[in-house]
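Visitor: I'm new to this one. Can you put it up and walk me through it?

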Amino acid sequence: MVTRLIILCCSALLAGCSLSPGLFIQEGQFEQVEAPEVEASPVSLIPITYETIKQQYQQRAALVPGRGVDISFDNYQYLVGPQDVLNIIVWEHPELTIPAGGQRPVEHDGNRVRADGTIFYPYVGVLSVVGKTTATIREELTKRLSRYIKKPQLDVRVVAFNSQKVHVAGAVMKPGSVPVTDIPLTLGDVVNAAGGINENADIQEVILTRDGRNISYNLLDLYYKGDLSQNILLQDKDIVYVPVNTMRKVFVMGEVSKPAAMPMQDGKLSLADVMATAGIDQKSADPEQIFVLRQGVDKPMAYQLDARQPGALILATAFELQPLDVVFVSTSGLSRWNRVMTQLMPTVQTLWTIDRISAGE
């Protein structure tokens, strides 16, 4: 009787290896399709082939870089604001020029713009300068001083830029504010002025907040592809936020030596990178069932790599992963059988012992 029970247990477990421990994906759980647009299955299974790699490159190339931003700085002009300090020089008239001591910075002796946007200058009186360029201010001063000085020659410069700032925060070395000056200030300039990024920065989605709107820019495209449309010209009260790359990672699990969440360096990571770093378990993995699980627009997609095929490693090198992809290496049938037997043998051994005791009686 006990012997029959042992045979029945073995037969049942042999027929149902799906009950074995460990993670694996059974055949038939996906419907194989030629394109991700097919909606016949809740999950689309797409073999990783040369055609798949080609489509991946075409889709990436179809993305239009840039935002149509006018990056021409030829017409850029700085407009004077409150708390700026002006240095006004009238040639051959030192009495009208505020002298600077040898050890005293010129911005301490210059003409500071008042909160109401005006300055006071001899013979001219109160002059409104806010919102004007230095060229406009020079013209107005020249016109008014010409009543008292024959053909006055003036030079007007901003020596302290205090009125306008861009704030930068996030994964940068020195968060804070960067002044807007008479030199055009760009997104890349602000990040550099903040000491650069730290090791956790995600420069592919740098957030610019302007007038209550958030817009993301990809500085990686600026540095790697020379896409100048990502290097937008900044203005007063802009907020630049460099996020951390917590979302830029890929998960690898299944029959691998080191399951982990792997960060994407510079936004790039191939399937081969993951396989080499995590280490495929040669004893238990099914080389035919290496999957990349990805959330699609309408439904999840599963890309399958058959590592037994010639050129499979080349395909894995060319297949680029996306953030939050899950790389899953399924268990081979033999490994599932071994795991079944590992759990079954103590029970079988016990039944054999009971059978011997019963036979002895």
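Visitor: How many salt bridges does the count come to?
Guide: The count comes to 10 salt bridges, where a salt bridge is a side-chain nitrogen of Lys or Arg within 4 Å of a carboxyl oxygen of Asp or Glu. This is a predicted model, in which local features need pLDDT of at least 70 and side-chain atom pairs count only at pLDDT 80 or more, while totals for chains, interfaces and linings use all residues. Residues are numbered from 1 along each chain as its sequence is written, and side-chain values use heavy atoms, with hydrogens and water left out.

Visitor: Which residue does Arg308 form a salt bridge with?
Guide: Glu288, with the closest N and O atoms 3.3 Å apart. The pair links distant parts of the chain, 20 residues apart: Arg308 is in the loop between strand S16 (300-305) and helix H8 (312-318), and Glu288 is in strand S15 (residues 285-295). Helices (H or I, at least four residues) and strands (E, at least two) are DSSP runs, numbered from the N terminus.

Visitor: Which residues do salt bridges with shared partners join into one network?
Guide: Asp202, Glu205 and Arg248.

Visitor: And what about Asp236 and Lys237?
Guide: Their side chains meet in a salt bridge, at 3.0 Å from N to O. Lys237 is exposed, with a relative accessible area of 63%, whereas Asp236 is partly exposed at 25%. Buried means under 20% relative accessible area, exposed over 50%, and partly exposed in between (1.4 Å probe, protein chains only).

Visitor: Now the sheets. What is the strand order in the open sheet of five strands?
Guide: The order is S9-S8-S12-S10-S11, with mixed pairing. Two strands pair if DSSP finds at least two bridges between them.

Visitor: Which strands stand at the edges there?
Guide: Strand S9 (176-179) and strand S11 (213-217). Each has a single partner strand, so one side of each is left without a neighbour in the sheet. Neighbouring strands of this sheet are turned by 25° against each other on average, direction ignored.

Visitor: S8 and S12: parallel or antiparallel?
Guide: Parallel, with four bridges joining strand S8 (residues 165-170) to S12. Val168 has Val240 in S12 as its bridge partner.

Visitor: What order do the strands have in the open sheet of three?
Guide: S4-S3-S7, and the pairing is antiparallel. Strand S4 (111-112) and strand S7 (154-160) are the edge strands, each pairing on one side only. Six bridges join strand S3 (residues 85-90) to S7, and Val85 stands opposite Ala160 in S7.

Visitor: Which helix packs on that sheet?
Guide: Helix H4 (residues 134-145), which touches S3 and S7; contact means heavy atoms within 4.5 Å. The direction of H4 makes about 135° with that of S7. Axes are lines fitted to C-alpha atoms, for helices over the stretch in contact, and angles run from 0 to 180 degrees between N-to-C directions.

Visitor: Different topic. Is Gln230 buried or exposed?
Guide: Gln230 is buried, with a relative accessible area of 5%. It lies in the loop between helix H6 (219-225) and strand S12 (239-242). A polar atom of the Gln230 side chain lies 2.9 Å from the backbone nitrogen of Asn218.

Visitor: What does the side chain of Glu255 make a polar contact with?
Guide: The side chain of Thr331, at 2.8 Å. A polar contact is a pair of N or O atoms within 3.5 Å; within protein, one must be able to donate a hydrogen and the other to accept it, and residues adjacent in sequence count only if both atoms are side-chain atoms. Glu255 is buried, at 8% relative accessible area.
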